[in-house]
Structure formats: structure tokens, C-alpha cells
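Biologist: Before we go into particulars, I would like to learn how charged pairs and nonpolar clusters should be read in a model of this kind.

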Amino acid sequence: MASASLIFSRSSSFLALSRMVKVVDGCCFCVMFSSGTMGREVALLAFCLVLLGLCGTGEADVVELTDSNVDQLREGEWMIKFHAPWCPACQQFAAPWISLDRKLKESRPDVKFADVDVTVQTVLSGRFLIQRLPTLFHAKDGQYRVYDGERSEADVEAYVTEERWKNTDPLPWYSSPMGPSGIVLGHAMVAGQYLENWYTVLTKKQGVPSWLVIACGAVTVITAGMLIGLALVVCMSYFNKAVAPQVPQP
């Protein structure tokens with residue numbers, strides 16, 4: 001998010017004024033000093049507003065993907081970046097990524113850019129099977145491709161504008177992040193997080209021995225597996241009887 005702070009200090013005579021304006025937006029940083037009459041003050045303020053309009057509009061167009069809004073990837077064309085705040089390579093690629101979003105906003109307004117913070121969106125990064133940072137994905141109409149080129153502004157721009165993504169096969173439907181395996185994996189990770197939270201509550205706050213929690217969890221998993229297996233056997237037996245051919249009686 002762009003941020004701006006205007007610090008005005010004025011003497012009683014308005015003859016010696018000090019002005020400092022900071023505009024921070026990615027790599028945009030501007031510091032100005034001026035002194036003069038009220039007219040110069042107004043002119044400086046207008047100039048600062050222009051700077052804000054030029055430097056502070058790009059990053060807002062990059063969509064922050066979460067579990068709640070990830071379904072929008074199913075339509076349109078997207079470039080998705082998975083990153084982490086502690087990753088030096090991600091920090092180096094942050095400015096070119098924002099620059100690409102601004103540049104392609106005019107030439108390719110149909111292409112949207114999205115960010116995923118893997119330290120926050122752990123389930124979402126698990127669905128995409130992220131193993132290195134930063135990882136880029138190209139998505140178009142529900143098909144997903146892993147970007148395997150250089151992490152540079154020129155290469156990523158050519159990948160989009162020249163449609164080099166067509167040279168890469170999309171992920172098969174069964175391993176797609178938004179396909180069956182991705183959905184199942186996402187639910188499994190959510191369940192794992194709930195189990196981890198319950199384990200922490202029982203052992204740290206309630207004082208339950210860890211071995212007892214693990215034993216109860218193992219018994220629960222085994223029992224659930226047996227019940228599910230029994231239900232499948234019953235369903236298959238019923239289905240086989242329903243579709244079995246009738247043998248005519250002699």
C-alpha cells in the first residue's frame with residue numbers, strides 16, 4: 001500500500017518555512033524542501049498530489065490471494081507470485097513485479113497480477129505445492145502452468161505478451177491446484193491445522209500428557225478408517241447385487 005506523510009512547520013511570519021514530503025511506494029521515494037510565501041505552499045502541495053498520483057497507484061492493482069478469493073483464478077488470465085517476507089530473492093523481485101503490473105495494465109489490461117504470502121496462506125501454498133521462492137504461475141481459463149524462466153522483468157513480460165506460456169504444457173486436471181487433488185489437499189491441510197491447534201491446547205493449556213493425546217488421536221484415526229472401509233464394503237455389496245444379472249430359473 002502506498003503511504004504518504006506531509007510534515008509542515010511554519011513560522012509566525014511565513015517567511016521561513018520548511019517542508020518535507022515523503023512518498024513511499026515500492027522503490028519510489030521523494031524528499032523536497034521549500035520555503036516561501038503561502039502561494040509557494042499551495043504550489044508545493046499541488047506538486048505533491050501529482051507525485052502521489054504518479055507513484056502510488058500501481059501496487060493496489062496486485063490482488064492478494066487468500067483461501068476465500070482464490071476461485072477467481074478459474075476465469076481470465078493471471079500471473080501469480082508466491083513469496084515470503086524473509087526471502088531475499090522475493091525482495092529483489094518485488095519492484096520488477098509491481099513495474100510489470102503497471103506496464104501491462106495499458107498493453108494487456110486483461111492480464112491480472114496476484115500475490116500469495118506463503119507465511120500467511122499456508123493452505124493455498126500447499127495446494128500449489130510450492131517448493132521454491134519466488135514461484136510464478138500462469139493461469140488462463142482454469143489451466144495452470146509453472147513459469148520456469150528467469151525472474152526478470154523483461155523475461156516475464158515476454159512470457160505474457162509473446163504468449164510463451166503456450167510452449168509449456170498445463171498441469172493435468174487431476175494435479176491442478178484447483179482440481180480434485182488440490183481441493184482434497186487443501187482440506188487435509190486445514191484438518192491438520194485444526195489437529196495441531198487442539199494438540200497445543202490440550203498439552204500446553206490443559207496439561208494433558210502428550211502421549212495420551214497422540215494415543216487418542218491414533219485410536220480415532222484407526223476407528224474412523226475402519227468405519228469408512230465398512231461403509232464402502234456395504235455400498236459395494238449393495239451395488240453389486242443391484243446390477244448383477246438375473247439367472248433364469250430352469
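Biologist: Which residues are linked in a network of salt bridges?

Modeller: Bear in mind that this is a predicted model. The network joins Glu77, Arg108, Asp110 and Lys140, and the count for the structure comes to 10 salt bridges.

Biologist: How far apart are the closest N and O atoms of Glu77 and Lys140, and which parts of the chain does the pair link?

Modeller: In the salt bridge between Glu77 and Lys140 the closest N and O atoms are 3.7 Å apart, and the pair links distant parts of the chain, with Glu77 in strand β4 (residues 77-83) and Lys140 in strand β6 (residues 135-140), 63 residues apart.

Biologist: Is Glu77 buried or exposed, and how does Lys140 count?

Modeller: The general idea is to compare the relative accessible area with a cut-off, since a residue is called buried when the value is under 20%. Glu77 is buried because its relative accessible area is 3%, whereas Lys140, at 26% relative accessibility, counts as partly exposed.

Biologist: What do the salt bridges of Asp71 and Lys166 look like when read in the same way?

Modeller: Asp71 forms a salt bridge with Arg74, where the closest N and O atoms are 3.6 Å apart; Asp71 is partly exposed at a relative accessible area of 49%, and Arg74 is partly exposed at 38%. Lys166 pairs with Glu163, with the closest N and O atoms 2.8 Å apart, and Glu163 counts as partly exposed at 31% relative accessibility.

Biologist: Turning to the nonpolar side chains, how many residues does the largest nonpolar core have, and which of them have the most contacts inside it?

Modeller: In soluble globular proteins, nonpolar side chains tend to be buried together. Here the largest nonpolar core has 18 residues, and those with the most contacts inside it are Leu65, Leu73, Ile80, Phe82, Phe128 and Tyr144. The elements that give two or more residues to this core are β4, β5 (111-117) and β6, and the largest share, three residues, comes from β4.

Biologist: Which residues does Leu65 touch, leaving aside those up to four places away in sequence?

Modeller: With those neighbours not counted, Leu65 touches Val70, Gln72, Leu73, Ile80, Ala114, Asp115, Val116, Gln121 and Leu124.

Note on methods:
Residues are numbered from 1 along each chain as its sequence is written. This is a predicted model: local features need pLDDT of at least 70, side-chain atom pairs count only at pLDDT 80 or more; totals for chains, interfaces and linings use all residues. Side-chain values use heavy atoms; hydrogens and water are left out. A salt bridge is a side-chain nitrogen of Lys or Arg within 4 Å of a carboxyl oxygen of Asp or Glu. Buried means under 20% relative accessible area, exposed over 50%, partly exposed in between (1.4 Å probe, protein chains only). Helices (H or I, at least four residues) and strands (E, at least two) are DSSP runs, numbered from the N terminus. A nonpolar core is a set of buried Ala, Val, Leu, Ile, Met, Phe, Trp, Tyr and Cys residues joined through side-chain atoms within 4.5 Å. Contact means heavy atoms within 4.5 Å.
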